[in-house]
Amino acid sequence: MLGMSTRHILLGLLASGPSHGYDLKRRHDDRFPQARPLAYGQVYTTLQRLVRDGLAEVQGTDSDGGPERTMYRATDDGTHELSRWAAEIAPPAPFVANEIFAKVVVAILSGGDPAAYLSAQRAAHMERMRELTAVKAAKAADLATVLSADYALNHLDADLRWMSTTAARLTTLTAEVDAV
Amino acid sequence: MSKPVPLLSASGLTKTHGRTPALRGASVGLHAGEILAVTGASGSGKSTLLHCLAGIVRPDEGSVTYDGRRLEELPEKRLSELRRTEFGVVFQFGQLIPELTALDNVALPLLLAGTDRAGARARAGEWLERFGVRGQQDLRPGEMSGGQAQRAALARALVTGPRVVFADEPTGALDSLSGEQVMTALVHAARESGTAVLLITHDAQVAAYADREVQLRDGVVAPLGVTA
């Protein structure tokens, strides 16, 4: 299975030892701080599917003074599947499918104002980059926070570079059309 | 409520190098304690703007006002004193004196300002400590990594307690992690001491350390736009 996978992320969290759904959700949100938080329902559904496919199994229950919770652990097949997935190459951008790109193309096709859109989008990107940089540069930032902020910043920066190049191309194109 | 007056501002600056116009009416304001990024493509006039604001270069037209004083009206001696006491400058590379150790490089501005040698060296050591390069204090710039040398340069720019630090592509010659260490150190030190920073960069990830960004395009400040 290719791409971002809740199954594999949960298997990865189970690699450090048996755990229950609540704990897995909490640890996921700690380890992937800028990601969309996992819903509890999604965690439990995914755990049931891992059990169905033989990649995880129920180890019993744990109450720890509170409500009874089902403990899960990875099977040997699960551990093997996790290793396979972790080493699998992710396809480098197989499709260009991005809202910014689509909006610029549509603006050009429909006689809109792509330069004005790019200008406003750039300002929004910079604002988000300032937020992420402040999160990353805070003295208390842990490694997971820094890594996720780095990831987001580099992608936003790549968008910005594409936007700058596109704006320059549009300026050149307009000048050539005007010169005819 | 009236808008606060900037600590440092440029109004309608023009500057031509030979026959090449670098600035064509640039206006910008830097507030006390603010970190402002000036971005723009190569040749957009960023460095010339910094040189004019720092009183290193006099503009052909327009004015630079610092704390109520117009720099173009100050005699060279007074301007030089202002640069030494109120401003700190960091360039991309090469600004440390190669024959001096890191400690002596940082102590130098204090010695020039009349601090005694022991006091200057003690304070220089404290600033090297703040920038995480105290362990390299006896090394000469050529014996330090690029990131270490740049952090020592930042310590030298801040050691006199300036109100404004001008940083011209301070991470331009560094790898991304060294650049990040330099920027984090600069931002933390500036915030703690309330120093304003004018940061010239072409790198959006460096500009994102600032509170605000202005873009230069063809020698003027673009209203809000993509650097083309």
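Predicted model: local features only at pLDDT ≥ 70, side-chain atom pairs only at ≥ 80, totals over all residues.
Residues are numbered from 1 along each chain as its sequence is written, and chains are lettered from A and ligands numbered from 1 in the order in which they are written.

Let's stay with chain A. Confidence there is highest in helix H6(A) (residues 114–137), at a mean of 93, and lowest in helix H7(A) (residues 143–179), at 86. Helices (H or I, at least four residues) and strands (E, at least two) are DSSP runs, numbered from the N terminus.

Now look at H1(A) (residues 6–14) and H2(A) (residues 21–31): their axes come within 10 Å and cross at roughly 100°. Axes here are lines fitted to C-alpha atoms, for helices over the stretch in contact, and angles run from 0 to 180 degrees between N-to-C directions. So H1(A) is roughly perpendicular to H2(A), a label for angles of 65 to 115 degrees. Ile9(A), Leu10(A) and Leu13(A) of H1(A) meet Leu24(A), Arg27(A) and His28(A) of H2(A), with contact meaning C-beta atoms, placed from the backbone, within 7 Å.

Over in chain B, six strands form an open sheet with mixed pairing, ordered E6-E7-E8-E3-E9-E10; strands pair if DSSP finds at least two bridges between them. E9(B) (residues 212–217) and E10(B) pair in the antiparallel sense over three bridges, and Leu216(B) has Val221(B) in E10(B) as its bridge partner.

Definitions and conventions:
pLDDT = per-residue confidence, 0-100. Parallel < 35°, antiparallel > 145°, perpendicular 65-115°, else oblique. Contact = placed C-beta atoms within 7 Å.
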